[in-house]
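We will go stop by stop.

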Protein chains: 2
Amino acid sequence: MSKISTDSYKGVRDFYPRDKFVHDYIVNTLSQTCESFGYEAYDASILDPAELYRTKTNDEIVNDQTYTFEDRGGREVTLRPEMTPTVARMVAARSRELGFPLRWYSMPNCFRYERAQRGRLREFWQLNADIFGVAGIDADVEIIALAHRLMTAFGAKESHFEIRINDRRVFEQIFDEVGIDTGTRKSIMSLLDRRAKIDTFDSELGELAGDKAKKLTQLLDSAATNPLLEDLRSRLATRGITNVVIDTSIVRGFDYYTGMVFEVFDTAKENARSISGGGRYDHLLEMFGVDSIPTVGFATGDVTMRDFLEAHNLLPEYVSPTDLMICVLDKDTTSFANEVAQKLRDQDINVAVNYSYKKAGDQIKLADKKNIPFVACVGAQEIESGKLAVKHLASREEKELSVDEIADHIFTHEL
Amino acid sequence: MSKISTDSYKGVRDFYPRDKFVHDYIVNTLSQTCESFGYEAYDASILDPAELYRTKTNDEIVNDQTYTFEDRGGREVTLRPEMTPTVARMVAARSRELGFPLRWYSMPNCFRYERAQRGRLREFWQLNADIFGVAGIDADVEIIALAHRLMTAFGAKESHFEIRINDRRVFEQIFDEVGIDTGTRKSIMSLLDRRAKIDTFDSELGELAGDKAKKLTQLLDSAATNPLLEDLRSRLATRGITNVVIDTSIVRGFDYYTGMVFEVFDTAKENARSISGGGRYDHLLEMFGVDSIPTVGFATGDVTMRDFLEAHNLLPEYVSPTDLMICVLDKDTTSFANEVAQKLRDQDINVAVNYSYKKAGDQIKLADKKNIPFVACVGAQEIESGKLAVKHLASREEKELSVDEIADHIFTHEL
């Protein structure tokens, strides 16, 4: 038999227990914060019909980055590159039954075929949180307040991150004023989205806007004083959110945005990437032939969040899910060890029984390696006395306890 | 713009909040039970190189049921149809660093291209739990004890399900005795696996085993008295597990099993399917060119588990994640409502603020529809008095409380 590689597929991750611990910490903190704001969890399959992404996700993603293939029945399916079309589909499907306003969150994994690099992998998880059915600025403010709270829930200070806000309507007002036609607007928006990455902005804008380019540039450069943006910033300040900057270079890549857009940036230099981003998209549901529902939402990526927490030293120490390892010293005591273990499990103590029958020292070393806080050895002597010497590995403290006393002892220690 | 369908892809599920609630209940109960036995969580991407499944997953799955496609770089990848090859790959990759015995669990989604039917969908989640590094029967017993505990953790009684045990070594002993060559053994095992579904068992066995068929059938029919199986059953009885039957028709479809195999069956007639299944596979890691590690494990499917819990009326009532809806009566009080909401969130109360500015009655109806237990309306009067009338919708009990009293009131009610 030829040897098979142990490598995972390129750009995706294996989550060993310590990686999973960090991932769960991030997912749980995000989820609990969303629930504290009244959001309900939903989910969907990673597979969705390919047509779902064709019109409203941006062209770069659809043409170059999706994982799209035919199933055995000839249906074209895509591994979702983002969650918004899926959640729009789900809400559209039941728009008459679901009560609005609707607050929903999810923590899906998504796939994009990209070159793997810092903060960017082919598979990532992202929190998606959306409010459906509120047209006004209250929902815009809440969505940004939630994105802000997510950061502070991890212990971040306002100096660790910056919220950059903009509004698609500001561009529309300028396009109206200058007289740019609808087709050209989309091209200019796409150009603005790439502005920071390219040297040819002025010449490309000249090609698109002709003699209107100069006036357009002037208006775009002074857009930051637009009252829409000032109003949003002042409402956020009222909620105690002060690390907000108006940044008219924030466009967001997706075609479906119609109003406020924002991004949350890490202020650490080594990780100068967007952690969260989102905005208002009031017309997306129309593609399913239902009435549009005003919606605002955002997404937070797990990879950039992990980088952020690492950069600011906000990740917690690993804690083993197991409280106690019972080290069995010989086969005659296995049955007794299993019995003790089950008694403790019934009292909410997580217990692993070591069936290796190695020397006590080797078994204790394994518990230590796995960060299991307590060990107890079981041999003929323990069966006779009915008492176990329960050792706390970090403090080396050992206590002789009857089986009934062990759970309390462990709980007291863990408090 | 042509209308896009709101249907999900065939054979997968959309999890609306109430579906997600049930799914999370199942996932959390399974996870907590595994952790109580000292298992650590791991995870991996749904995408793995296609070669991983070619040799050891069974032919029907690989040839007819996998979702396999080429990525944009020409790599052949598969949406995992099961987790065992992935976990074997992960353990093999770090077999020198990981300390054994190793107890791992995961709750991956898996894909198989099948005709959707009761208990079977194209995408399903399954708990996978494995012990690596214990060759003896202790681990076999624990794995079955864990599968049993998973059922009782949901409130199931032993009469609700049945554990059917068998051992691949029993077949090997019989094949040795009759003198069946290695190539033919695999075909006979595959035939035995299909035995219950086909009418042509005797004729097919005749073709495979020739004049040895008669002796083979005799030995297979008396296999249930094998001491290996009796020993396992009596050890399970010692642990209080008594709904165990020896069933030599249990083969399990995967080629990698080498010892004990078992399935957990629902005793409800309408759901007579296997909920859990697994066994010992001591040689799988060799395909990665590392030393083999004795392993025993099993999987529990979410679809069959849900059907089981429904059949026996063991699913919990839906509980909203939101404790309180604050109904804002006019735009002048929004800021006050947001402030109250944030104070309560800081005390671990989950609060949704309703920004619809509809009539109080309509807002309260929405809270009721969403099963949110408490509502409080906020208008000019509440700002002035600093007191809110907090109403418990189920009991219609209403209490006037200062902001500082609300959290305690809600906690007391929820206990």
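**The pair of chains**

Show both chains. A rotation of 180°, with 0.0 Å of shift along its axis, superposes chain A on chain B with an RMSD of 0.0 Å. The two copies are thus related as by a two-fold rotation axis. (The superposition is by least squares on the C-alpha atoms of residues with pLDDT of at least 70 in both copies.)

A note before moving on: this is a predicted model, where local features need pLDDT of at least 70 and side-chain atom pairs count only at pLDDT 80 or more, while totals for chains, interfaces and linings use all residues. Residues are numbered from 1 along each chain as its sequence is written, chains are lettered from A and ligands numbered from 1 in the order in which they are written, and side-chain values use heavy atoms, with hydrogens and water left out.

Now select Phe69(A). Of the residues of chain A, Phe69(A) comes closest to the rotation axis, at 3.3 Å (C-alpha). Next, look at where the chains meet. Of the interface residues of chain A, 99% are also interface residues in chain B, so the copies meet through the same surface. (Contact means heavy atoms within 4.5 Å.)

Select β5 (residues 67–70) and β6 (residues 76–79) of chain A. These strands run antiparallel, joined by four bridges. (Strands are DSSP runs of E, at least two residues; helices are runs of H or I, at least four; both are numbered from the N terminus. Two strands pair if DSSP finds at least two bridges between them.) Phe69(A) stands opposite Val77(A). Five residues lie between the strands of this hairpin, and Gly74(A) takes a positive phi near 80°.

Colour chain A by domain. The assignment, automatic or from a database, gives domain 1 (17–311) and domain 2 (324–414). Their C-alpha centres lie 50 Å apart.

Zoom in on Thr300(A), in strand β14 (residues 295–301) of chain A. Is Thr300(A) buried or exposed? Thr300(A) is buried, at 0% relative accessible area. (Buried means under 20%, exposed over 50%, partly exposed in between, with a 1.4 Å probe and protein chains only.) Among the residues that Thr300(A) touches are Trp125(A), Leu150(A) and Met305(A).

Most residues other than glycine have a negative phi, and most peptide bonds are trans. Select Phe100(A) and Pro101(A): the peptide bond between them is cis, with omega near -5°. Pro101(A) lies in the loop between α4 (84–93) and β7 (102–106) of chain A. In chain B, the bond from Phe100(B) to Pro101(B) is cis too, with omega near 0°.

Go to Arg396(A), which is not a glycine but has a positive phi of about 65°. Arg396(A) sits in the loop between β18 (387–392) and β19 (397–402) of chain A. Arg396(A) is exposed, with a relative accessible area of 56%.

**The sheet of chain B**

Last stop. Five strands of chain B form an open sheet of mixed pairing, in the order β16-β15-β17-β18-β19. The edge strands, β16 (351–354) and β19 (397–402), each pair on one side only. Strand β15 (residues 324–328) of chain B pairs with β16(B) in the parallel sense over four bridges. Find Cys327(B): its bridge partner in β16(B) is Asn354(B).

Methods: Lists of a residue's contacts leave out its neighbours within four places in sequence.
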